[in-house]
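Hi everyone, thanks for coming. Please take a moment to look at the sequence and the structure before I start talking.

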Amino acid sequence: MKEPVKPKEEDCCSSGCNPCIFDVYEKQRELYEEYLQSSDTSIQIEENAISQLEYTPFLVVENNNICKEHKLIIFKHKHLGNKKLWWKPGNYFLLYFKSGETQLSRAYTPLKISSAVNNDYDFAIIIKKYENGIVSKYMYNLEKDQETLWRGPYGTYELTSNHFDRILMVAQGTGIAPFISIIEHILNNEYDMTKIILFYCCHSIDNVLFRNQLYSYKSYWNFTYEIYVSFYISECMLKYQEPIQYHRLCSQDFYKLKPFSKKDQCILCGSEEFMNNLKSILSMDVPVENIILF
Ligand SMILES: Cc1cc2nc3c(=O)[nH]c(=O)nc-3n(C[C@H](O)[C@H](O)[C@H](O)COP(=O)(O)OP(=O)(O)OC[C@H]3O[C@@H](n4cnc5c(N)ncnc54)[C@H](O)[C@@H]3O)c2cc1C
């Protein structure tokens with residue numbers, strides 16, 4: 001394990017990042033001290049091609065529309081060398097943004113897209129455009145070969161196979177992104193018997209992200225899902241037995257999952273209001289320590 005290098009004062013963008021680069025340094029320093037004192041010299045932490053402590057340049061490979069509100073942006077490391085880029089299911093990266101005096105960072109969820117035509121890339125991001133959003137607008141307009149700066153991976157979610165009987169995932173919009181890597185991790189492990197139930201809330205069927213991918217997961221015995229759309233489009237074609245519900249997700253939709261037990265985990269990802277509403281509904285049946293907000 002390499003000794004972590006203390007960030008310089010100017011490495012902090014003072015925009016209230018979570019986590020702040022100095023907190024990450026303190027944590028890594030503690031891990032490094034533990035490593036030095038440990039008698040187990042076999043501990044090796046694989047060096048990652050992205051760092052939690054300093055920004056790493058990645059170039060835009062493609063930036064394509066996937067619907068009116070979302071784009072898929074694909075990135076490649078500028079000087080990868082022989083290091084590998086890795087992250088754990090549910091992790092996020094921080095993007096650095098600077099324009100004039102303004103310095104900001106924003107969290108985005110890295111993805112590996114199994115259906116990508118060009119496999120020569122390191123990670124992808126699904127970005128939602130917010131009309132008044134400073135960083136999302138910048139991301140939306142990124143062009144091929146443009147350089148971007150990233151640090152990470154971060155995240156506290158720990159996925160342990162067979163720890164829970166069921167994991168209920170409830171996502172809103174781009175909140176599906178961290179769940180995709182968690183779902184794939186479970187489904188790709190034939191010894192993991194965890195049942196996955198996904199409730200995915202979208203404005204309309206046109207905004208459903210990963211629609212084909214979710215439909216293909218239906219063939220796994222341990223995956224079921226429902227998509228809740230609040231806006232009905234009459235001319236939209238559905239797939240055979242595609243589980244679309246034309247109403248907003250509400251407390252009655254959870255009845256069919258009862259009884260809940262302490263072997264159930266609920267993970268929620270969406271706006272703060274969305275997650276807090278769901279948490280108050282679910283905490284009537286699920287132990288509160290098993291409800292995780294992303
Ligand atoms: C762990 C984590 C992972 C994330 N992963 C992704 C991802 O993969 N893809 C992605 O597109 N975004 C993701 N986000 C959200 C992202 O970090 C930014 O918040 C988003 O891009 C908006 O930033 P902005 O600078 O454009 O908006 P800002 O300039 O900060 O906000 C401008 C206005 O936009 C609206 N707005 C901003 N963010 C939201 C929101 N989340 N919900 C509703 N309205 C909002 C508000 O009206 C706000 O007033 C993630 C956030 C977290 C915490």
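Let's begin with a definition: two residues are in contact if their C-beta atoms, placed from the backbone, lie within 7 Å. With that in hand, take the contacts in the protein chain between residues at least 6 apart in sequence: 72% of them join residues at least 24 apart.

Two quick notes on how to read this. This is a predicted model, where local features need pLDDT of at least 70, side-chain atom pairs count only at pLDDT 80 or more, and totals for chains, interfaces and linings use all residues. Residues are numbered from 1 along each chain as its sequence is written.

Now the overall picture. The protein chain holds five helices and twelve strands; helices (H or I, at least four residues) and strands (E, at least two) are DSSP runs, numbered from the N terminus. Its C-alpha atoms fill a box of roughly 55 × 45 × 35 Å along the principal axes. Of the 294 residues, 27% count as buried, meaning that 20 or more other C-beta atoms lie within 10 Å of their own; exposed is 12 or fewer, partly exposed is in between, and C-beta atoms are again placed from the backbone.

Six strands form an open sheet in the order 4-3-6-1-2-5, with antiparallel pairing. Strand 4 and strand 5 are at the edges with a single partner strand each, so one side of each has no neighbour in the sheet. Two strands pair if DSSP finds at least two bridges between them. Strand 1 (residues 56-65) and strand 2 (residues 70-77), for example, are joined in the antiparallel sense by seven bridges, and Val60 stands opposite Phe75 in strand 2.

Which residues come nearest to the ligand? Of the 18 around it, they are Ala107, Tyr130, Gly133, Val135 and Ser136, where "around" asks for a C-beta atom, placed from the backbone, within 6 Å. Strand 4 (102-108), strand 5 (123-128) and helix 2 (134-140) each give two or more residues to this shell. Strand 5 gives the most, with four residues.

Is Ser136 buried, exposed or partly exposed? It has 18 C-beta neighbours inside 10 Å, so it counts as partly exposed. Leaving aside neighbours within four places in sequence, Ser136 is in contact with Ile127, Lys128, Lys129 and Tyr130. Its C-alpha atom is separated from that of Arg248 by 26 Å.
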